[in-house]
Amino acid sequence: MELTTLWFLLIAGLFVGYFVLEGFDFGVGMLVPVLGRDDRERRVVINTIGPLWDGNEVWLITAGGAMFAAFPEWYASLFSGFYLPLLLILLALILRGVAFDFRGKRPEAAWRRRWDWCIVFGSAVPAFVWGLVFANVVRGVPLDAGHNYVGGVLDLLNPYALLGGATMVALFLTHGAIFIALKTSGDIRRRANVLAGRAGLGAAALAVLFLGLTVAHRGGTAAVVLSVLAALCLVGGLIANRLPARGGEGRREGWAFAGTAAAVALAVASLFAGLHPYVLPSTVEPAVNSLTVLNAASSAYTLKIMSWVALVFAPIVVLYQGWTYWVFRKRIGTQNIPE
């Protein structure tokens, strides 16, 4: 396998990991005031991702760094052309991180309620804008001969991209609701089960429409297969969410979460499969102005050095994060939250 293709797959894998992991905590963030009926319940919802959310963002930082080093032309064109949407994501993530820390600094209900809505905003906006960005990348954007973005912000707000944003939000809501059901007990768990089933129906409809349009526009055999598998996994996760657990309490949230996680992973993988060998297609003279894995890549020597570094450090990072999830695997409820 060529190093350019290898690093395209590695970057795709990093984004897949980011959306699977950050996806459920975006969903949890959006559901804080929905599933939490009082402050103790909202604290339970937040604490399900308290030890995890900042570690999940490492996948995005690593993906951006890998893109910068392996495909500098791709990085430059993407981050300059999508400057405003990516800046909006950054500001929303900053606000979200501040809100997690600041909501508990004062006991007043109004103070905590305002920060709760900041968490909702800081979770929903990145989810929607990431869907918007990736839909535009797959669809193609106007690039000139120098691979510079020559469109405007409104060009990014096309119907297909807006559908991509809505699909991402719906998928993450479902993914997050099932994670809350997996990590909590009592009434919150039951409400999360019900909400996951309702949100999942909308997510399934939007995902089928979006992936269908994607495959019709830019899809080979691999993209079609991955899209179909994503749809099947989402349906399987929703079915598991309705099946009673063996002990009689709750539903089979473990299988349900595995299904939604696989659905998100396969859906994102299908976008990259349909994109390859392009990394940023151009809608202006595509044969000349588009960026591919070849004309956007760094030198072979750079990619070789990066491959050895990734071989050593990537397993360490994955093992460490897996250990973190294992340590914080137990369910929590209002009984674990002091007055």
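Helices (H or I, at least four residues) and strands (E, at least two) are DSSP runs, numbered from the N terminus. This is a predicted model: local features need pLDDT of at least 70, side-chain atom pairs count only at pLDDT 80 or more, and totals for chains, interfaces and linings use all residues. Residues are numbered from 1 along each chain as its sequence is written, and side-chain values use heavy atoms, with hydrogens and water left out.

**View A. The cis peptide bond between H276 and P277.** Omega is about 10 degrees here. P277 sits in the loop between α12 (253–275) and β1 (278–280). Most peptide bonds are trans.

**View B. H147, a residue other than glycine with positive phi.** Its phi is near 65 degrees. The loop between α8 (109–139) and α9 (159–183) holds H147. H147 counts as buried because its relative accessibility is 13%; buried means under 20% relative accessible area, exposed over 50%, partly exposed in between (1.4 Å probe, protein chains only).

**View C. E285, a non-glycine residue with positive phi.** Phi is about 50 degrees. E285 belongs to the loop between β1 and α13 (286–289). With a relative accessible area of 53%, E285 is exposed.

**View D. The largest nonpolar core, with 103 residues.** Such a core is a set of buried Ala, Val, Leu, Ile, Met, Phe, Trp, Tyr and Cys residues joined through side-chain atoms within 4.5 Å. F15, F19, F71, W74, W130 and F172 touch the most other members. Helix α1 (residues 3–30) gives the largest share of this core, 15 residues.

**View E. Contacts of F172.** Contact means heavy atoms within 4.5 Å. Neighbours within four places in sequence are left aside. F172 then contacts F19, G23, F26, G27, M30, A127 and V264.
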